[in-house]
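Hi,

Here is the structure I promised to pass on. Have a look at it first, and then read my notes below.

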Amino acid sequence: MALKSDMSKAYDRVEWTYLIAIMEKLGFGKRCIDLIMQCVSTVKYLVLVNGHPGTEFKPSRGLRHGDPLSPYLFLLCAEGLSSLVYHAEEIGARRGVSMSKRGTSINYQLFADDFIIFCKASMQQWRIMKQRLEKYEKASRQKLNMQKTSIFFNTNTKVEVKEELAQDIVSRICGDAEKQRDVLGAKASSGSSQVWISMGYGYLIEEGMRWRVGNGENIKIWGDKWLPTPTTHMVQSQVETLLSEAKIKGLIDEKGGWNSALIDEVMCAEEVVVIKHLPINRRGSEDRTLGVKASLERFV
């Protein structure tokens, strides 16, 4: 599988003590470190309030935007994440993706604050990778941009494995089902980097996530992907009896099963058959997202 994300407010969150520790680990001399930190820590800021400058203040962390030195210092910070990922590979806890049978295995790619990590689709490897990411966040004070975090699976990955991984990862990304909707509906903005756009909208994606029906409270009947159909995964029947914003909960009866009479009334014949054969969790569990079908066939 592949995990794609970037760091939220990357420059603003850089911890100075972490930057110093990274430079020391990489062998920078004390004199050099002191000179660099003087450039980093002696900046001052003013905030304009209604066009008038406010009180001057000094930051306690972060790198200055527009400073020609800042991109290089951030790359040094990213070495921490690179080292953690490489260590996981060294102990055999990760396996990347090869573009040919005897080709070089690609385990991760970093570009400024964007990154993509490849690993085997298993809970064991995901837990190891999650520990590495959390360790990096704690040390550097960096934070994953949850709005731009996505996962991709090989088409050969078992459905139950996809569900288990997607549920665990999405719960970390979103925290609740409403935020899952924001992630699924997220689109690239005009300010998105070319790396992010190419990874998210290029060869990697063939289909997006879709929903698995639980209590039906978070899934829209029209517009959301929840049907096990081979193309759109969305309802194609015209909106007539119910509102366009109606949730699937309205199609479920008091006993927790499908309301056959209502479904017959609002859906076309083909979709009636599909929906009535769709299993529902009668314990009232929350709606969940299923995995992603990716066009790369050599994910492991």
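This is a predicted model: local features need pLDDT of at least 70, side-chain atom pairs count only at pLDDT 80 or more; totals for chains, interfaces and linings use all residues.

The largest cavity has a volume of about 70 Å³. If you want to find it on your screen, select Cys 39, Val 40, Val 43, Gly 62, Leu 63, Arg 64, Asp 67, Leu 69, Ser 70 and Leu 73, which line it. Helix 3 and helix 4 (70-90) are the elements that give two or more residues to this lining. Sorted by class, the lining of the largest cavity comes out as six nonpolar, two polar and two charged residues.

Next is the second largest cavity, with a volume of about 50 Å³. Its lining is made up of Met 7, Phe 74, Ala 78, Leu 81, Leu 110, Ala 112, Asp 113, Asp 114, Phe 115 and Tyr 136. Here the elements giving two or more residues are helix 4 and strand 7 (114-118). Helix 4 has the largest share of that lining, with three residues. By class, the lining of the second largest cavity splits into eight nonpolar, no polar and two charged residues.

The other thing I looked at is how two of the helices pack. How do helix 2 and helix 3 run relative to each other? Helix 2 covers residues 16-25 and helix 3 covers residues 30-41, and their axes cross at roughly 155°. Angles over 145 degrees count as roughly antiparallel, so that is what helix 2 and helix 3 are to each other. Their axes come within 11 Å, and the crossing of helix 2 past helix 3 is right-handed.

Which residues make that contact? From helix 2 you have Trp 16, Leu 19, Ile 20, Met 23 and Glu 24. Helix 3 answers with Ile 33, Ile 36, Met 37, Val 40 and Ser 41. Taken together, the contact residues of the two helices are eight nonpolar, one polar and one charged.

Cheers

Technical notes: Residues are numbered from 1 along each chain as its sequence is written. Side-chain values use heavy atoms; hydrogens and water are left out. Axes are lines fitted to C-alpha atoms, for helices over the stretch in contact, and angles run from 0 to 180 degrees between N-to-C directions. Helices (H or I, at least four residues) and strands (E, at least two) are DSSP runs, numbered from the N terminus. Angles under 35 degrees count as roughly parallel, over 145 as roughly antiparallel, 65 to 115 as roughly perpendicular and the rest as oblique. A crossing is left-handed if the near helix is turned anticlockwise from the far one by less than a right angle, and right-handed if clockwise. Contact means heavy atoms within 4.5 Å. Ala, Val, Leu, Ile, Met, Phe, Trp, Tyr, Cys and Pro count as nonpolar, Asp, Glu, Lys and Arg as charged, and the others, Gly among them, as polar. On a 1 Å grid over the protein atoms alone, a cavity is a set of points where a 1.4 Å probe fits but cannot get out, and a pocket is an open set with protein on both sides within 12 Å along at least five of seven lines; lining residues have an atom within 4 Å of a point. Grid points are joined across faces, edges and corners, and a volume is the space filled by probe spheres set on the points.
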